[in-house]
Amino acid sequence: MARKQTLTKRISVTALAWLFSGAIFFPIYWMVITSFKTELAAFSTPPTFLFFDWTIENYETVQTRSNYLHHAMNSVILAGGSTLLALLIAIPAAWAMAFAPTDRTRGTLLWMLSTKMMPPVGVLVPIYLIYRDFGLLDSRIGLVILLCLGNLPIVIWMLFTYFKEIPKDILEAARMDGATVTKEIIYVLAPMSLPGIASTLLLNVILAWNEAFWTLNLTTSDAAPLTTFIASYSSPEGLFWAKLSAASTLAIAPILIIGWLSQRQLVRGLTFGAVK
Amino acid sequence: MNKHFAALMGAASMLVAAQAMAETKLTIATVNNGDMIRMQGLTEDFTAKNPDITVEWVTLEENVLRQKVTTDIATKGGQFDVLTIGTYEVPIWAKKGWLMPLDNLGDDYDVDDLLPAIRAGLSQDGKLYAAPFYGESSMVMYRKDLFEKAGITMPDAPTWEFVADAARKITDKDGEVYGICLRGKAGWGENMAFLTATANSFGARWFDENWVPQFDQPEWKNTLDFYVNLMKDAGPPGASSNGFNENLALFNSGKCGMWIDATVAASFVTNPKESMVADKVGFALAPDNGLGKRGNWLWAWSLAVPAGSQKVEAAEKFIAWATGKGYTELVASKEGWANVPPGTRTSLYENPEYQKAAPFAKMTIDSINSADPTKPTVKPVPYTGVQFVAIPEFQGLGTTVGQQFSSALAGQTTVDEALASAQAIATREMTKAGYIK
Amino acid sequence: MSTRETRAVGRLLVAPSVILLFLWMIVPLALTIYFSLLRYDLLNPGMETFAGLDNYYWFLTDPAFSTALANTLMLVGAVLVITVVGGTLFALLLDQPVFGQKVLRLMVIAPFFVMPTVSALVWKNLLMHPVSGLFAWIANSLGLTPVDWFAEVPLLSVILIVAWQWLPFATLILLTALQSLDEEQKEAAEMDGAGAIPFFFYIVLPHLARPITVVILIETIFLLTVFAEIFVTTGGGPGLQTTNIAFLVYAQALLQYDVGGASAGGIVAVVLANIVAFFLVRIIGKNLEA
């Protein structure tokens with residue numbers, strides 16, 4: 001009897017969970033579905049959900065018009081490169097803040113975070129002028145540096161939170177054993193905060209992947225990632241929803257797959273410092 | 001073996017180097033509209049004729065393109081060799097010396113074949129600074145079947161009064177048919193393009209001869225009252241966020257009785273692949289109010305070369321190819337006459353094959369010819385431009401004022417309030433920019 | 001002895017990153033401050049003159065400024081409330097034993113990976129459009145009048161879109177936090193016969209305090225500069241109803257090409273962000289300690 005009740009309960013909870021999750025996921029489903037419709041079918045009412053003439057002509061158009069792989073490759077390089085560079089700089093800095101804090105550490109951290117809240121368009125022209133003079137316009141290196149700097153405050157802050165969770169006793173024990181700072185970081189700190197580092201890495205890859213201001217304004221072709229690929233399909237004169245849906249599906253597919261595969265690491269690390 | 005290989009590699013790399021030296025790479029920035037996409041697809045024809053030139057396309061949506069191109073040219077970033085810009089930018093940039101005059105387009109280019117109104121908009125002191133790729137005006141597109149059902153006949157040159165009456169008659173909100181679809185989304189190139197052009201036909205103007213804003217004048221009130229009331233009675237819901245594309249989708253799915261917008265839309269609404277009403281569309285000139293000016297605008301997407309470019313020769317070769325008569329024939333032979341970029345050359349409109357393939361040809365050319373950027377409205381004005389004011393400040397100002405008008409359309413403010421804030425904003429900005437002393 | 005050595009090595013190790021950080025904070029900021037004091041019209045290069053605090057005067061006296069400020073705070077506040085409350089409820093739901101939990105998690109986290117431009121376009125054209133959008137079709141099928149989203153409730157529409165993007169983030173963090181709640185604690189509470197509601201308020205909520213803080217902080221950083229969603233859907237309108245500070249600075253920089261004014265706007269935005277950060281820390285900062 002009791003068992004049956006749990007089963008009923010479980011079924012109704014399941015139904016509820018699927019309903020809400022379905023609603024959240026729906027816009028993405030709808031976009032993917034639209035990418036397989038003709039332009040005419042894409043905006044016709046009543047809408048069709050599954051039973052329509054599926055077509056891949058939008059993907060063919062996108063394929064002949066743009067070099068998807070080139071843009072995707074750039075996205076991978078920019079997102080990956082900027083994140084790795086940021087970690088390289090941030091790990092020592094966060095270490096210093098967590099284990100050798102000064103009076104100003106907290107203030108500095110908050111200040112850093114608040115610079116992130118400046119609308120990037122406010123510094124567009126100064127940055128553009130600097131990049132022009134250094135020949136960094138439309139270069140991958142230039143963007144890697146900029147995206148890295150953009151996300152650095154968050155990276156440092158996240159790592160700082162994780163490092164602070166590590167019991168000081170362990171570090172002191174390591175020091176007693178004569179470990180140098182480098183060894184301390186490599187052998188003690190890094191393994192302990194690996195989940196934190198992993199999720200910081202993932203979160204920043206996602207953020208850098210979706211960054212659409214600098215990547216649009218500082219690239220033309222050589223370094224142009226998927227955000228510019230999208231910009232060449234959005235809002236032309238004429239109907240574009242189906243083609244845009246196809247381009248969008250292609251643009252988010254890699255990051256969606258990476259995200260899905262790694263979501264456990266992403267979340268575990270994010271809550272590492274937050275949950276005890 | 002190894003030696004041979006090394007020698008081979010050396011030779012190959014030298015070959016590559018030599019080729020790279022001879023090749024000029026043109027980076028071309030363009031808008032992602034259909035005609036440009038078609039041009040991109042036909043690039044091979046150009047590179048086959050000019051084997052020493054390679055072409056790199058940067059195709060972006062209009063707003064993104066504009067902000068990139070403007071930032072680049074103003075800071076002399078030198079990222080682009082050929083720019084796609086509109087009739088708004090050309091006079092301003094030419095005056096600043098940012099563009100190269102196009103003197104060497106070749107003997108067979110036939111500059112005099114360009115439509116006079118378009119050519120005037122792209123010239124400064126008699127020199128052509130940008131070559132028109134396609135030109136457009138605005139006109140009325142209407143559903144012949146709905147007009148027939150309502151027992152009304154659309155004249156070739158309707159008045160606003162007629163349009164408003166017809167729109168109200170056709171509207172059947174339960175059947176999701178709206179008498180008229182007009183732009184409402186805020187933006188200097190969105191609702192303000194339409195409203196400024198319409199205001200011209202109501203006798204309104206942006207500024208008087210001393211650059212004093214005129215939104216407190218009755219002509220503007222008439223314009224806006226007319227527009228807001230008409231849209232309330234006969235427009236679709238959500239009009240305040242509709243731009244060109246939103247209206248196109250509405251019209252193509254059979255929900256608009258009339259639509260006043262760019263002439264290039266004609267080829268979209270008559271294309272059976274994109275439109276459910278392809279065989280039921282008629283065309284008419286943009287309406288007037290008996291004051292001698294029609295509410296149609298003038299725009300041309302044009303190709304220009306930034307000053308200081310190292311590749312002027314190659315760039316001019318490309319521009320001559322893309323905007324010359326040969327390109328028109330190339331498109332006609334590959335994609336049919338209806339897909340030829342419209343609105344730039346007199347010869348196209350004299351071509352019987354084009355007239356046959358494009359039922360909207362006559363209306364397009366008449367609309368373009370009736371727009372005059374130097375005398376856009378009834379009263380004298382200190383500026384040029386039909387649906388815009390060719391001063392650098394207009395983009396910002398037009399968009400802010402556009403937000404006010406869009407708000408009035410959405411019913412969030414009254415027409416009087418919107419006009420009062422528009423007047424205040426415009427006065428403030430013009431004072432800040434030093435026009436009003 | 002060894003400690004001193006450690007410290008020294010530590011300093012050396014940290015030096016490059018600290019210097020870089022310092023440069024990052026100082027160089028663009030110094031440049032922006034410098035530009036904010038110039039009368040610099042991008043369309044009139046070479047004509048820059050010193051303007052003193054004029055740019056600040058024009059930016060702060062812009063009638064749009066106070067509206068934009070209010071909209072910014074409203075947007076941040078509303079999205080935070082929706083994502084935290086919604087995220088908590090969602091997490092509680094998904095924490096129950098349900099069939100296909102793994103698939104559900106994937107579905108729920110997906111919106112977080114979508115580029116803001118893309119999600120705004122999808123919402124605007126495919127879902128919220130009052131004539132051809134899906135919501136309009138649903139409303140019509142139910143015999144209701146479709147809501148004209150971007151005209152009637154423009155700010156709410158933007159809030160909904162942004163909240164949709166951030167809800168997965170909140171849900172996932174809170175869900176993981178919930179799952180780390182001791183099974184024993186749950187069972188003990190069940191044994192005691194504690195009702196679901198007291199259990200939630202006395203056991204679950206305190207447990208979630210820190211993850212919620214993390215969510216709020218990270219989201220605030222991004223929500224203060226929301227731009228793409230507004231640009232794509234409403235263009236800041238109708239009127240100024242969806243203009244936030246980021247959009248105002250954009251209009252200054254890339255519509256009016258007023259580099260000086262935009263720089264001043266950027267500096268104002270940073271100052272405002274610091275004020276927000278200050279209060280945020282006052283209110284929830286306790287949770288970050290310990």
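**Domains, interfaces and core of the predicted complex**

Where the two meet, 9 residues of domain 1 of chain B are in contact with 10 residues of domain 2 of chain B. On the domain 1 side, helix H5 (89-96) and strand E10 (298-304) of chain B each put in at least two residues. That side of domain 1 is made up of 8 nonpolar residues, 1 polar residue and no charged ones.

Taken as a whole, chain B holds 19 helices and 10 strands. Its radius of gyration is 24 Å, close to the 22 Å that the globule rule gives for 437 residues, so chain B is as compact as a globular protein of that length. Along the principal axes, the C-alpha atoms of chain B fill a box of roughly 85 × 55 × 40 Å. Some 56% of the 437 residues of chain B count as buried. Among contacts in chain B with a separation of 6 or more, 74% join residues 24 or more positions apart.

How far can the coordinates of chain B be trusted? The mean pLDDT of chain B is 88, and 95% of the residues score at least 70. Over residues 14-20 of chain B, pLDDT stays under 50, and the model has 0 contacts beyond four places in sequence for them. Where pLDDT is low, the predicted coordinates should not be read in detail.

Contact between them involves 11 residues of domain 1 of chain A and 8 residues of domain 2 of chain A. Helix H1 (2-34), helix H2 (39-42) and helix H3 (57-65) of chain A each supply at least two residues of the domain 1 side, with H1(A) giving the most, 3 residues. That side of domain 1 of chain A divides into 5 nonpolar, 4 polar and 2 charged residues.

Turning to the chain interfaces, 27 residues of chain B are in contact with 27 residues of chain A. Helix H2 (34-41), strand E2 (53-60), helix H4 (62-74) and helix H11 (244-252) of chain B each supply at least two residues of the chain B side. H11(B) has the largest share, 5 residues. By class, the chain B side has 10 nonpolar, 12 polar and 5 charged residues. Chain C meets chain A too, with 80 residues of chain C in contact with 71 residues of chain A. Helix H1 (residues 2-36) of chain C gives the most to the chain C side, 16 residues. The chain C side divides into 61 nonpolar, 17 polar and 2 charged residues.

Finally, the largest nonpolar core has 305 residues, and those with the most contacts inside it are A:Ala94, A:Leu159 and B:Met141. Leaving aside neighbours within four places in sequence, A:Leu159 is in contact with A:Ala90, A:Ile91, A:Ala94, A:Gly196, A:Ile197 and A:Thr200.

Notes:
Residues are numbered from 1 along each chain as its sequence is written. Chains are lettered from A and ligands numbered from 1 in the order in which they are written. This is a predicted model: local features need pLDDT of at least 70, side-chain atom pairs count only at pLDDT 80 or more; totals for chains, interfaces and linings use all residues. Two residues are in contact if their C-beta atoms, placed from the backbone, lie within 7 Å. Helices (H or I, at least four residues) and strands (E, at least two) are DSSP runs, numbered from the N terminus. Ala, Val, Leu, Ile, Met, Phe, Trp, Tyr, Cys and Pro count as nonpolar, Asp, Glu, Lys and Arg as charged, and the others, Gly among them, as polar. The radius of gyration is taken over C-alpha atoms; the globule rule is 2.2 Å times the number of residues to the power 0.38. A residue is buried if 20 or more other C-beta atoms lie within 10 Å of its own, exposed if 12 or fewer, and partly exposed in between; C-beta atoms are placed from the backbone. A nonpolar core is a set of buried Ala, Val, Leu, Ile, Met, Phe, Trp, Tyr and Cys residues joined through C-beta atoms within 7 Å. pLDDT is the predictor's confidence in each residue, from 0 to 100.
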